[in-house]
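Subject: Structure for your review

Dear colleague,

Please find below the structure that I am handing over to you. My findings follow directly after it.

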Amino acid sequence: MTDRVLIIGGGPAGLEAANQLNLLGYKPVIVEKDDTLGGHLAKWDRLFPEGESAETVLYKLIKPVEHTPVYLNTIVEQADKEGNHFRVKLSGGKEEIVSAILVCAGFSLFPAEKKEEYGYGIYNGVITSSDLEKWFKTGKGVNINNPSKVGFVHCVGSRDEKICNRQCSKVCCVTAVKQACEIKEKFPDSEVFCFYMDLRMFGRKYEDLYLKAQNKYRVRFIRGRVSEVSEDFTGKVVIKAEDTLSSKPLKVSLDLLVLMTGMISNSSIEELSGILSLNRAEDGFIEPADTITKMYDSGKEGIFLAGAVTGPKTIPETLSEARASALAIHNYLSNKAIQ
Amino acid sequence: MIVEGKKKIWSEYQKDIPDDHYFYVRSCIRQNFFPASEKVFLDIVRDRLGLDFFETPHHTTCGGIAYHSDSIPQETLMTIVARQFALMTEAGYENYVCSCITSFGIYNEIINTWFHYPELEAKIRELLWEASKREFKIPKSVVHASDVIYKLRNKILENGKYRLVNKNTGEPLRVVEHIGCHYSKMFPSKGVGGAEYPYVLTGMAEAWGGTVIDYPERRHCCGFGFRQYLVQANRGYSLSNTHKKFESMAPFKPDMIITNCPGCPYFLDRWQYVIEELEGKTYGADSKGIPVFTYEEVAGLVLGYDPWDLGLQMHQTAVEPLLDKIGITYNKEDKYKI
Amino acid sequence: MSCITRCPRKNGPGLIIQALRNLSQELGYFIDSEKGRQQLVLNRALCGNILNYGYCVYPRTFHYSDHPENGPVGKLIEDNLEAVHKRVGSNLDGEGPGILRKIPQSDLDELKRIFDVTGATERMEKIETISKKRAKELGLSDEEYCRQIFTINSEEHYI
């Protein structure tokens with residue numbers, strides 16, 4: 001009998017792992033809680049650092065697995081280990097018997113309204129990076145009409161102990177730079193400001209994008225956190241910040257303020273980690289058994305991990321990890337077969 | 001502005017405000033500059049509503065202004081506060097209500113500090129015993145007097161004679177609400193509505209018929225800043241803060257300002273006079289100032305108190321423009337009659 | 001204390017400034033800056049009011065001449081203090097509870113003992129001693145020195 005592997009989550013990690021497991025001769029089954037595959041990627045327009053179309057990337061991930069069984073709008077309700085197998089109960093009364101489970105549950109976006117001082121959901125001109133990306137993709141959701149001044153606030157819900165998220169979300173810095181460039185492409189006459197704590201341009205070609213933002217698009221990078229947001233008589237967004245390089249407080253009126261919302265542990269992970277008896281770290285993400293050599297190892301026999309379920313990651317990192325997990329599952333099932 | 005967003009935040013910051021049986025402590029600044037506000041407060045809760053608000057003549061300053069001006073060590077402040085708590089304990093009360101926002105912040109700060117550092121609480125208990133042979137219980141509930149009026153806002157409206165409505169146009173009056181910094185900025189959960197969009201005064205203004213203005217410098221300090229005002233050489237800091245607020249609110253054309261802190265109505269009132277004297281600039285209609293009130297004064301106006309019984313003649317910025325807008329009857333000649 | 005709401009690391013810069021000011025008083029460094037030297041007039045006004053009257057601010061020591069921003073109304077109140085307070089229901093210097101009541105001497109004695117056992121008295125004396133020494137070095141009388149630190153803003157606050 002060919003081993004079945006249950007993949008929880010149909011985002012980039014789950015899709016790539018399914019493809020690899022298919023190639024290795026297994027039968028992956030994807031369980032996705034939403035009504036479409038692709039996770040956050042499906043809602044994104046273009047990707048850093050080179051502006052590749054998110055739709056194209058998603059197509060490349062979905063196409064190879066188009067014949068893989070998928071349960072949409074479905075969650076895992078129970079998982080019992082029975083000998084070498086797991087008996088998994090799914091919502092809707094379905095059941096799967098599988099040899100291994102791969103958890104690719106991904107992340108949630110930080111709910112920006114929790115940073116009350118930034119006025120998301122209160123002031124009309126305040127949107128999130130996710131709202132902006134949706135607008136780039138569909139022209140819908142928010143009203144952006146030839147803004148003359150646009151601000152980006154980095155680290156919204158990241159590196160912030162006050163709201164209990166100490167972790168860096170890793171991708172927001174470069175996403176802000178990407179989105180700032182895109183705003184300048186669409187509205188060349190606009191002035192764009194990025195308010196940052198540090199700029200973490202760690203990936204290949206990120207620095208190039210950052211230089212392009214400065215040299216070509218004249219995006220102004222201001223090192224300092226925005227302290228509070230309000231609205232003036234004309235409806236413009238007024239922000240207060242400090243330029244910590246010149247040690248001067250700033251007050252700027254903007255037409256649009258974009259909050260770079262960070263990655264937090266998936267809102268469903270509490271329930272799922274309980275069902276699968278997985279360990280969670282202080283930051284809410286799943287804690288792997290070994291954070292250096294075995295990020296894919298949950299520490300529970302037969303259960304593996306991939307992607308942002310163990311912390312903020314870029315898409316290339318997520319895909320690499322999905323392949324590593326597929327290989328780890330292959331090794332695990334091969335050893336089982338020998339025994 | 002998306003009001004629903006604010007309502008959501010307001011719903012998340014509701015604090016427990018006991019119905020009755022309070023130990024009441026006064027504010028140093030308010031007794032000096034807005035004495036009638038405390039009188040009206042006790043009139044409303046005791047005489048009109050029949051509630052139990054006990055005051056002992058033995059209570060004193062909490063020491064807050066001296067503490068924030070670095071004139072007394074933290075241990076001194078804590079021991080004075082412990083003595084106030086001892087007076088409450090001796091009087092048989094558990095609910096503590098203070099007239100002062102600085103005190104309110106200090107009570108919350110001290111109780112929170114003792115929670116995290118119980119050894120410090122133990123030390124203060126020893127110091128209080130050494131100084132006065134008193135013992136105390138920490139209050140079950142610490143609220144600010146504006147929390148109480150907020151809770152009673154609808155009752156006040158039911159018994160009200162006037163509303164915050166322009167009698168000529170029928171339009172709600174445009175209200176600037178100014179919250180004392182130490183009300184909820186240090187401990188957002190201790191204030192009705194939290195720190196960013198406090199609801200305590202907004203709730204009163206809206207209940208009484210007004211509409212509240214959200215202007216860019218709404219959250220900014222009035223400028224008191226303790227030593228920024230208390231030393232004459234520093235007063236430019238204080239004045240420039242108030243100036244910043246008025247420049248920011250002016251385009252919204254407010255009819256009035258409501259405050260819940262002792263110092264704020266003083267500075268928002270007096271510095272308007274100074275700005276007019278220095279620059280000839282006024283922020284209200286017809287070259288007049290914007291009248292500034294304590295929440296008790298506004299409650300008193302709604303209830304139909306005589307403006308001069310409310311002590312409104314002790315304001316430097318004339319209150320008459322607002323009284324006329326509402327249609328409150330008053331005798332001009334009585335204003336300074338003593 | 002507005003900083004506390006803002007800091008992503010839950011720090012209270014205001015409290016750090018407070019701690020540094022306290023340290024500068026303990027070590028006597030306060031005398032070497034304009035804002036530090038102001039501590040003398042703050043202490044005399046605030047601690048004086050607390051120990052003598054039981055209030056941080058007390059109307060008979062709050063002089064219009066030092067507070068001209070109080071305007072004509074402030075002057076009128078000062079000139080008619082008792083009548084104005086009587087009109088609005090204060091119990092100025094009266095017995096029993098109420099607005100600006102006379103706080104009994106036994107309570108003021110307790111405040112003094114609290115100052116003594118918690119270090120406030122010692123702190124006040126230190127500020128007085130160091131300040132008087134500085135006034136003498138400058139050849140100023142106590143009154144001249146106080147007037148100077150209360151009114152003069154050099155715009156070079158650090159010296």
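In chain A of this predicted model, 48% of the 339 residues count as buried. Chain A has seven helices and 20 strands. Its radius of gyration is 22 Å, close to the 20 Å that the globule rule gives for 339 residues, so chain A is as compact as a globular protein of that length. Of the contacts in chain A with a separation of 6 or more, 65% are between residues 24 or more positions apart.

Chain B is assigned two domains: domain 1 covers 17-145 and domain 2 covers 149-330. Their centres, taken over C-alpha atoms, are separated by 25 Å. To the contact between them, domain 1 of chain B gives 27 residues and domain 2 of chain B gives 30 residues. On the side of domain 1 that touches domain 2, at least two residues come from each of α2 (28-33), α3 (35-48), α4 (64-68) and α6 (101-116) of chain B. That side of domain 1 consists of 15 nonpolar, nine polar and three charged residues.

Chain B also touches chain C, in a contact that takes 56 residues from chain B and 60 residues from chain C. Several helices of chain C each supply at least two residues of the side that touches chain B, among them α2 (13-27), α4 (39-53) and α8 (120-137). By class, this side of chain C has 31 nonpolar, 20 polar and nine charged residues.

Yours sincerely

Methods. Residues numbered from 1 in each chain as written. Chains lettered and ligands numbered in written order. Predicted model: local features only at pLDDT ≥ 70, side-chain atom pairs only at ≥ 80, totals over all residues. Domains from an automatic or database assignment. Contact = placed C-beta atoms within 7 Å. Helix = DSSP H or I, 4+ residues; strand = E, 2+ residues; numbered from the N terminus. Nonpolar A, V, L, I, M, F, W, Y, C, P; charged D, E, K, R; others polar. Rg over C-alpha atoms; globule rule 2.2 N^0.38 Å. Buried ≥ 20, exposed ≤ 12 C-beta atoms within 10 Å, placed from the backbone.
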